[in-house]
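Please read the following points alongside the sequence and the model.

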Amino acid sequence: MNERIWPVQGDSRVPYWVYTDEAIYRRELERIFEGPTWSYLALECEIPNPGDYKRTSIGERSVLVVRGENGAISGFLNRCAHRGTQLCQQDTGHVKRYITCPYHQWTYDLEGRLRGLPFFRGVKGVGGMPPDFSMAEHGLTPIRIQGRGGAVFGSLSAEAPTLEHYFGRKMLGFYDRVFDGRELRLLGYSRQRLAANWKLILENIKDTCHASLLHVFFVTFGLFRVDNPSKLRMDDSGLHTALISERGRQEFNEGTRQMQSFKAELTLQDPRIIDAVREFPGEATVIMHTFWPNLILQQQSNTLATRQIVPRGPHEFDLHWTFFGYADDDAEMTERRLRQANLMGPGGLVSMDDGEIITRAQEGFRNAAEAAGVNEMGGRDYADADHMVTDVALRAFYRGYRRVMGL
């Protein structure tokens with residue numbers, strides 16, 4: 001790779017080649033997704049019973065998370081130890097006791113151990129495996145698995161610290177606010193493939209100003225605006241972030257007068273879509289979390305979701321949305337969560353704007369490798385903020401990114 005040089009202005013500039021360069025993307029896979037990080041994989045409630053599995057991803061690597069006969073969750077690369085064939089192609093499924101490769105029927109138990117294969121002793125006295133072939137040495141390739149509060153994370157690196165150390169005390173407080181130990185209930189899925197670089201969706205959450213300018217729904221009905229009481233918190237690396245805000249009103253004020261997306265006369269035929277009830281400690285009505293490298297944890301009013309980022313090259317990624325509630329939710333709360341979920345997802349009243357705008361951004365980066373974006377709102381510092389009129393989360397993010405990537 002021809003060594004790329006970051007702009008002299010530092011983290012307040014982001015060169016467009018970070019979104020388009022194939023060699024940079026390959027380095028991201030190696031240093032980030034296959035490095036000492038923890039990637040979000042699943043919710044435990046997606047695989048509640050022994051034999052349940054989910055096909056998921058760490059970077060571009062397909063992995064399986066499986067509920068074993070003893071109730072424990074294990075993780076493996078989704079490939080047979082024989083010839084590398086992908087074992088499971090369904091997103092979720094159930095096997096009774098064994099996972100069997102469709103190619104040559106090598107069979108593994110739920111802990112990934114090889115338990116049998118056809119023609120092991122030959123047929124009619126000929127063929128078969130060598131006498132020194134060891135079943136124990138040909139199991140599925142394991143990955144590290146750690147769960148917390150009902151979510152499951154995986155790592156391909158033996159060097160990754162514990163999940164708790166990886167998030168840090170400050171960010172764990174926000175994580176545990178949603179994943180507080182209550183049993184989770186799966187509500188549904190959405191998926192989309194976006195023609196944009198995977199980092200843009202993380203940037204989109206960390207970009208605190210855009211919600212007050214792009215999203216008519218957020219701006220008009222006060223769900224998330226820079227004039228609302230709000231704050232921004234980050235870990236020391238700058239890679240994990242929480243945006244915390246309280247709901248505002250549909251009113252003209254110093255802030256909304258500068259927002260072209262504010263529509264004072266806009267009304268809802270069914271206002272129940274923004275009818276929220278308080279269920280978490282504190283005054284915040286929304287906290288949007290980004291956990292490096294692939295998780296967006298969403299609490300907007302009463303709709304809860306994880307968004308898993310799956311990179312597909314420098315110009316494309318998949319976004320997997322998993323909507324959930326709690327097992328002790330009553331029917332009214334479940335209906336409220338599902339109704340508010342219409343704000344989010346590929347066709348959501350808010351999120352469809354994000355999908356469109358980051359795709360347009362990616363188009364803008366093409367053939368503009370040496371140009372750079374500007375992140376100077378709020379100055380050039382890296383400190384937590386008690387407002388949203390700042391690009392500090394983007395500056396901190398790229399400081400952390402550059403450290404990981406050696407840029």
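1. The side chains of Arg 13 and Glu 376 meet in a salt bridge, with N and O 2.8 Å apart; the term stands for a side-chain nitrogen of Lys or Arg within 4 Å of a carboxyl oxygen of Asp or Glu. The two partners come from distant parts of the chain, 363 residues apart, with Arg 13 in strand β1 and Glu 376 in the loop between β19 (372-374) and α7. Helices (H or I, at least four residues) and strands (E, at least two) are DSSP runs, numbered from the N terminus. Arg 13 counts as buried because its relative accessible area is 16%, whereas Glu 376, at 26%, counts as partly exposed. Here buried means under 20% relative accessible area, exposed over 50%, and partly exposed in between, with a 1.4 Å probe and protein chains only.

2. A word on the basis of these remarks: this is a predicted model, in which local features need pLDDT of at least 70 and side-chain atom pairs count only at pLDDT 80 or more, while totals for chains, interfaces and linings use all residues. Residues are numbered from 1 along each chain as its sequence is written, and side-chain values use heavy atoms, with hydrogens and water left out.

3. By the salt-bridge rule the count comes to 34. One of them joins Arg 402 to Asp 11, where the closest N and O atoms are 2.8 Å apart. This pair also links distant parts of the chain, since Arg 402 belongs to helix α7 (residues 392-405) and Asp 11 to the segment before β1 (13-15), 391 residues apart. Asp 11 has a relative accessibility of 7% and therefore counts as buried.

4. Another salt bridge joins the side chains of Arg 148 and Asp 176, at 2.7 Å from N to O. Arg 148 is in strand β10 and Asp 176 in helix α2, 28 residues apart. Both ends are partly exposed, with Arg 148 at 22% relative accessibility and Asp 176 at 24%. Elsewhere, salt bridges that share partners join Asp 109, Glu 111, Arg 113 and Arg 115 into one network.

5. Which residues touch the most other members of the largest nonpolar core? Among its 95 residues they are Phe 153, Phe 167, Trp 198, Trp 292, Phe 317 and Tyr 401. A nonpolar core is a set of buried Ala, Val, Leu, Ile, Met, Phe, Trp, Tyr and Cys residues joined through side-chain atoms within 4.5 Å. Helix α2 (residues 163-178) gives the largest share of this core, eight residues. A second, separate core has 18 residues, including Tyr 53, Val 66, Tyr 108 and Leu 140.

6. Leaving aside residues up to four places away in sequence, Trp 198 touches, among others, Tyr 25, Phe 33, Trp 292, Pro 293 and Phe 317, where contact means heavy atoms within 4.5 Å. Two of these neighbours, Trp 292 and Pro 293, are joined by a cis peptide bond with omega of about 5°. Pro 293 lies in the loop between β15 (286-291) and β16 (295-300).

7. Strand β14 (residues 241-245) is mostly covered, as five of its five residues are buried. Thr 241, Leu 243 and Ser 245 point one way from the strand, and Ala 242 and Ile 244 point the other way. Strand β13 (residues 230-234) pairs with β14 in the antiparallel sense over five bridges, and pairing requires that DSSP finds at least two bridges between the strands. Leu 232 has Leu 243 as its bridge partner in β14. The hairpin of β13 and β14 has six residues between the strands, and there Gly 238 takes a positive phi near 80°. Strand β14 also pairs with β15, again antiparallel and over five bridges, with Ile 287 in β15 as the bridge partner of Ile 244.

8. Gln 105, with phi near 60°, is in the loop between β7 (98-100) and β8 (107-109), and it counts as partly exposed at 39% relative accessibility. Phe 119 has phi of about 65° and lies in the loop between β9 (114-116) and β10 (144-148); at 62% relative accessibility, Phe 119 counts as exposed.
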